[in-house]
Amino acid sequence: MPSDNQRLALLPVGRTERLDRPSLLLTGGSGVLGRALIDELSPDFDLLCLRRNTPLRDPRVRELQGDLVAPRLGLSPLAWHELALEVDVVLHCAETNWRTPPQDITRTNLRGADTMLDLAARADAPLYLVSTAFVANTPTEEDRRLFPGAAAYLDSKAGAEQMTREAGVPGAIVRPSVVMGDSVSGRIAGQQGLTKTIGSMVLGQAPVLPGAPETRIDMVPQDYVSRAIGDLVRGGVADGEYWLTAGKEAIDLREFADVCADVAVRHGLPRPQRPRFIPVDAVHRLLLPMLEGTSLPASLRRRLEYFAELLLVFQRELPFDTSLGEPDCGTRLTRTDIRAALVRNAESWAGGGADLLSRNRSAATAPMEVAS
């Protein structure tokens, strides 16, 4: 998508240095990672959070109402000019739901990045783009046909990265993998794919999972990701691409399933049968055709289709690189750290899903054969 903005190389006339804390514009502040970034950055920055409709209602931030994909965020020329005079750092963390229409995903990710790059250039401010580690995966044509939302998400994230590299604006690209809840409390600001998967596993509602037992699931607690981004911003890192991933320490699908089963037992549920693992190369060949026209309950069919999209497109057989633990880039995770964080995430889900757990204690279901 070509840029509608002509980059400025010079500051708007009238900008002056301030003696108070630097001003940081954050997009996506209401999201899972955005909330963690507010916790991380509020002690050091005057935070200005862009939001479209729903207020954040957080006393630590000031809010700017605007539309990420509108020219100048929907602001008047004067307000846009004044915003550029104020901003010292731009942190573009706005996220799209990859289950929304593909054209909306592409529009939001590309136009949003273009607008933030234009603002950063006008403000002479560094821009930190939060992308995803899964740009390392290139969707196949079959993926694009079956999972158009996920494919649009990956393609547009890669496109936003390319725009950032070509813009010449100082800053960095950061690539988190799957963001899980806090490593200590397990809490997370909102339900997302991983949280829903954990819940299904604890309740024994995932009879099959796409992927071999040894397939790695790269997950990083939100506080590790936000700390690494905070270190990069505070350190004034002006270029580079950073992988915020578990890397070789990522646990595999088998261990993921076992942790969730252990949590189920601790909360009085029957131990879920370990899911049947379907190799990735068999998902298109066996699992998805099996779901077409099947007599399985609609809720189970949708759940399996969701798992197929989530795990087929957003996983890798080989580990990612990781930048965690490098200078100005947070702390590296160990396998023990990740497993402990997963336990706390599962326990946090169980604590918040008391009604679901209660209903399932008295209604244990027999194992379900889905594929032979």
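This is a predicted model: local features need pLDDT of at least 70, side-chain atom pairs count only at pLDDT 80 or more; totals for chains, interfaces and linings use all residues.
Local features need pLDDT of at least 70, side-chain atom pairs count only at pLDDT 80 or more, and totals for chains, interfaces and linings use all residues. Residues are numbered from 1 along each chain as its sequence is written, and side-chain values use heavy atoms, with hydrogens and water left out.

Strand β5 spans residues 127-130. Helices (H or I, at least four residues) and strands (E, at least two) are DSSP runs, numbered from the N terminus. Both faces of β5 are covered. L127 and L129 are buried on one side, Y128 and V130 on the other. Buried means under 20% relative accessible area (1.4 Å probe, protein chains only).

β5 pairs with β4 (residues 89-92) in the parallel sense, over three bridges. Two strands pair if DSSP finds at least two bridges between them. Within β5, L129 has H92 opposite. Helix α3 (residues 102-123) carries the chain from β4 to β5, and this β-α-β crossover is right-handed. That is, with the strands pointing away from the viewer, the path from the first strand over the helix to the second runs clockwise. β5 also pairs with β6, again in the parallel sense, over four bridges. Here L129 stands opposite I173.

S177 lies in the loop between β6 (171-176) and β7 (178-180). S177 is buried, at 6% relative accessible area. Its side chain makes a polar contact of 2.6 Å with the side chain of D218. A polar contact is a pair of N or O atoms within 3.5 Å; within protein, one must be able to donate a hydrogen and the other to accept it, and residues adjacent in sequence count only if both atoms are side-chain atoms. Neighbours within four places in sequence aside, S177 is in contact (heavy atoms within 4.5 Å) with residues including A133, F134, M219, L244 and F320.

Conventions:
Buried means under 20% relative accessible area, exposed over 50%, partly exposed in between (1.4 Å probe, protein chains only).
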